Amino acid sequence: MRYLPKSPADREAMLKAIGLRSVDELFAPIPAEYRLARDLKIPRQMAESEIVDFFRQRARENGEDYTSFLGAGAYFHYRPVIIDSLISRGEFLTAYTPYQAEISQGTLQSIFEFQTMMCELTGMEVANASMYDGSTAAAEAVMMAVRLTGRRSVVVARSLHPEYREVLATYATHQGMPLSIAGCGDDGRVNSKELEQLITAETACVLVQSPNFFGTIEDVAAIAEIAQKNGALLVVSIAEAVSLGIVEPPRQADIVAMEAQSFGVPLGFGGPYCGVIATREKYVRQMPGRLVGQTVDKQGKRGFVLTLATREQHIRRERATSNICTNQALIALMVNIFMTVYGKVGLKELAKQNLAKTAYAAGQFAKHGKVLFSGSPRFNEFVVQTSEDPRVINARLLGHKIVGGLPLKKFYPELGNAALWCCTEMTTRSMIDTAVGFVAESERSVRPAGEEPVEEEVAR
Amino acid sequence: MRHTTPKATRHVNQNEGLIFEKSSAGKAAWKLPPLDVPEIDVSKQLGSSQRKDLGNMPEVSEIEIIRHFTRLSTWNYAIDLGMYPLGSCTMKYNPRVNEAVARVEGIANAHPYQPEKISQGALRIIKTLSECLIEITGMDAITLQPAAGAHGEMTGLLMVRAYHQSKGNARKKILIPDSAHGTNPATAAMVNYAVENLKSDSRGMVDIVSLEAQMNEDVAALMLTNPNTLGVFEQDIHKIADILHANGGLLYMDGANMNALVGKVRPGDFGVDVMHLNLHKTFSTPHGGGGPGSGPVAIKKSLEPFLPAPVLVTKSDGTLGFEYNRPQSVGRVRAFFGNFGMFVRALAYIQANGPDGLRQTTEDAVLNANYIRKGVEGTFDLPYATPSMHEVVFSDKLQAKKSVRTMDIAKRLIDYGFHPYTTAFPLIVPGALMIEPTESESKEELDLFVEAMKSIAAEVEEDPQTVLDAPHSTRISRLDETAAARKPVLRWKPAV
Amino acid sequence: MAYPTDRKYTKEHEWIQVNGNSASVGITDYAQQSLGDIVFVETPKVGAEITAGKTFGTVESVKAVSDLFAPASGTVTEVNGELATAPEKVNSDPHGAWMIRITLNNPGEIDGLLSAADYEKFVAEEAGH
């Protein structure tokens, strides 16, 4: 076996040194009746070339040459090549959690930079070293709010990513945390009247996403006011990190729970991604996840260590802030490199391109179908309502190797024939025009003559 | 530093500030293509939601970024540099073909919501890995959704709760041996179970008499790590399973140490009802400085209705797809389908090994641990003489007489070119030295390690101060962790 | 360090200094020594009820968390805010660095606690193990 650095003679010599005659004696502690006397029924040992072939074949079955308008919590942005060259260095790739600070300064300093940039981008005072992903970060942020306030119930916007809501429901079930859902208004934002009515003296926090699942930017300041005057905290979930280049961050929030996948992390069929929790300094001791802090060594030289570890499971055990052990260090490093590459100016310009492509696409779609929630600002996603079921339109598009917007019937049946479309800097005008063409054709074929859509998008 | 070894040493003479300290306005490492749609007026689009300033985000060029991170990387120890004997962490070789296939276009760029029709490749990978893991564990079904080991524990206990609930009584508590990982009690608390400690006997195994006394109808499950954190196989495993099952309880196995068992024995065969695996331990996916992990949960048939949704199924037309309608499911534990990129790597590892390679891997891991045990025994105190599987736990009892503790010895090991072992865990061994070499070490590397341990023990006798002041060969010396915790500085700020 | 005789001690290493109906609570020199560098003190809010023998807060060192046990029952009237920014005071002046002040529910409870001499004897035995 090519990964094992021993010759048969080495093994013999080692057994002899231990004083054993055969390898079987090493496994004597396992009761004989349970020992496996046969080979595992798994694929035979394969050559490296065969393994590569196997996965190339799977990639071909996986729409590798399709273009797509999918977003909905997982975004296709360009990944600068230096991300992979740098994270492939064995010193990053094959290191463990930096518990031994003297020989882990590379990882520690890069996490410190990551935490700093996350603070700059979110407008928060402290950020952790990363969480599993955006969905679990949102659930953990809510549990953090419960600990901070001593209250237990939670008000969640229906415009929060539906799968994030599902994850939160799973986490909340056995914590005795009742969830109530605030609906979405005609403007695509959380219905603030309904939100206010749902908040009680027992509400620990309000959880909204901005830009929300429909791509609409919430009025975070107004929501914060409603929550905070009732003694509840505001948790803001951000699924599209690139928005932070041009959209005002949720500075009024108490906790920000983010998914940073957009920053240089491959789509990878849904993971691994990179969650982040950021908050105010005064709340840091209730924050879950690893934290890196700056300090000095014996000679007074600057260095970095994992700190405030008493919050964590390996010390506090059943009374820890969370059971989380790993962070997503390597993914956080991708994010860190991406943020460094684009930096102060690039992130803004990148976000602006996303905005421009989306404005163009929404304008074009509005000429033929109905673009919902057009009164509110949006980032890079929008909802198109068609006369025909979007799944049918998408099936036609798929024939041209284009994946259309995400049909929403499963998540939001009340929106009818609606789909969520996403444009990034990777979306070309010709892709948009082709997709719009198919929607236009569908509308022409279904809609009675003389009925024209309102072209409000074009005017914007 | 007095001692030199023939091992490679790290690049420690580079100075490198924080990236913010290299930033200046106008430098850039990015270039966007020209816009092929009309320019927009941002303030018109966003109104008051427009962001005006990105604060202290850096502005640097590409070569500076390459040098910055390359220099930082040289301050890290890594498996690629040498032995990383962290007990319980399983720092084995991370094969490069894993990384290559995870980056194949079509795998790396697949969107989780793309139609199933054009996701058959990804679904086939999930299916194949699932089948392999079910066979390796001897269980009946599996979910790959949990993002890490602790997340798998939570998922497993949610299923335990749902199982008992379906029988009319969710029960109240989880039994956890005193040698367990900290995640076990933390997880039980998250699923709203009380934790009851179970003490170990003189062999370092579960005390059967205590278990019998503590077992009753309030106990939902026992969370057992096997081999346990002492590296000891629970020889009474069948009695343990019987005691639990006789009282309607379930046996949860923390699979952190599954690398001692693969191909030799299957948890499903010795009475385990639910268990999680750590793909980043047993199945070679990289630790990457602390993640990502992946924590599949394998279960027996009786728990299948409770699997997190969605569940992968083969449809009537032979294609693969997800089933979302699972009325008894514990729900979703993560958006999308889990850390898919880790599935790709784990499957590539299983394929590279095959049944014979996986068995040999396990045998070598256990052989290596016992070789170290033999080499170091006598020099360091061995609190439990019970046979070792894949790791061995010593204590600093002999060195403590000179006021040298396990952490000091660990730090000195750095000067000899090794990463320290795990210190101060498991909690049942005061001053523990927990050593897990894995199968990835050659006899030469193991001999160097044994020699280093003996040399440090001699230093403790002759010149303890050298050990107490270690490490001597690193860019920085021991850091002031107290100052870091008292007045936390968790981000960089520009000088005022 | 000599243990002040103006107060009583618990076997969990807290001290309590009674002044009429109210009392100050802190941890002993022995406690701070065995904990090492203290980095954080978590105390209840003013107005909270604490119960004799039950936990009322925690002290943290870099790698350990220890519970604080109430020597007597009562209501918290004051919290030593200085410790929030200077937890090291607990190490440098353990018998001066009070953590909370309480009004006692039942001043009689104090009688059951250890005197300075008894406490000194107790820690000497404990350290001997």
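Predicted model: local features only at pLDDT ≥ 70, side-chain atom pairs only at ≥ 80, totals over all residues.
The contact between them draws 15 residues from domain 1 of chain A and 20 residues from domain 2 of chain A. On the domain 1 side, the residues divide into seven nonpolar, five polar and three charged.

Chain B also has a domain assignment, with domain 1 covering 98-350 and domain 2 covering 362-482. Here the centres, again over C-alpha atoms, stand 31 Å apart. In the contact, 18 residues of domain 1 of chain B meet 16 residues of domain 2 of chain B. By class, the domain 1 side of that contact in chain B holds seven nonpolar, eight polar and three charged residues.

I return to chain A for its overall form. Chain A contains 14 helices and 15 strands. Its C-alpha trace spans about 90 × 55 × 50 Å along the principal axes. Of its 460 residues, 62% count as buried. Among contacts in chain A with a separation of 6 or more, residues 24 or more positions apart account for 73%.

The next topic is the meeting of the chains. How many residues of chain A are in contact with chain B? The count is 163 residues of chain A, in contact with 170 residues of chain B. Helix H11 of chain A, residues 329-366, gives the most to the chain A side, with 24 residues. Sorted by class, the side of chain A that touches chain B has 83 nonpolar, 45 polar and 35 charged residues.

For chain C and chain A, the contact involves four residues of chain C and four residues of chain A. The chain C side of this contact divides into two nonpolar, no polar and two charged residues.

In soluble globular proteins, nonpolar side chains tend to be buried together. The largest nonpolar core in this model has 351 residues, and those with the most contacts inside it are Val142(A), Val206(A) and Val235(A). H11(A) gives the most to this core, with 23 residues. Recall that H11 of chain A also gives the most to the side of chain A that touches chain B.

Which residues is Val206(A) in contact with, leaving aside its neighbours within four places in sequence? They are Val155(A), Leu195(A), Ile199(A), Ile223(A), Ala227(A), Ala232(A), Leu234(A) and Val235(A). One of these, Val235(A), is itself among the residues with the most contacts inside the core.

Gly331(B) is found in the loop between strand S9 (320-323) and helix H9 (340-376) of chain B. Why does Gly331(B) count as partly exposed? Gly331(B) has 19 C-beta neighbours inside 10 Å, and a residue is buried only if 20 or more other C-beta atoms lie within 10 Å of its own, and exposed if 12 or fewer do. Leaving aside neighbours within four places in sequence, the contacts of Gly331(B) are Glu166(A), Ala169(A) and Thr170(A) on chain A, with Pro308(B) and Ala309(B) on chain B. The C-alpha atoms of Gly331(B) and Ser200(B) are separated by 35 Å, and the two residues are 131 residues apart along the chain.

Finally, I come to the strands of chain C. Three of them, in the order S4-S6-S7, form an open sheet with antiparallel pairing. The edge strands are S4 (38-42) and S7 (65-69) of chain C, each pairing on one side only. Neighbouring strands of this sheet are turned by 25° against each other on average, direction ignored. S4(C) is joined to strand S6 of chain C, residues 55-61, by four bridges, and Phe40(C) stands opposite Glu60(C) in S6(C).

Another set of pairings in chain C involves S8. Strand S5 (residues 49-50) and strand S8 (residues 74-79) of chain C run antiparallel and are joined by two bridges; there, Ile50(C) has Gly74(C) as its bridge partner. S8(C) is also joined, through five bridges, to strand S9 of chain C, residues 100-104, and these two likewise run antiparallel. In S9(C), the bridge partner of Thr75(C) is Thr103(C).

How values were computed. Residues numbered from 1 in each chain as written. Chains lettered and ligands numbered in written order. Contact = placed C-beta atoms within 7 Å. Nonpolar A, V, L, I, M, F, W, Y, C, P; charged D, E, K, R; others polar. Domains from an automatic or database assignment. Core = buried A, V, L, I, M, F, W, Y, C linked by C-beta atoms within 7 Å. Pairing = 2+ DSSP bridges. Axes fitted to C-alpha atoms, helices over the stretch in contact; angles between N-to-C directions.
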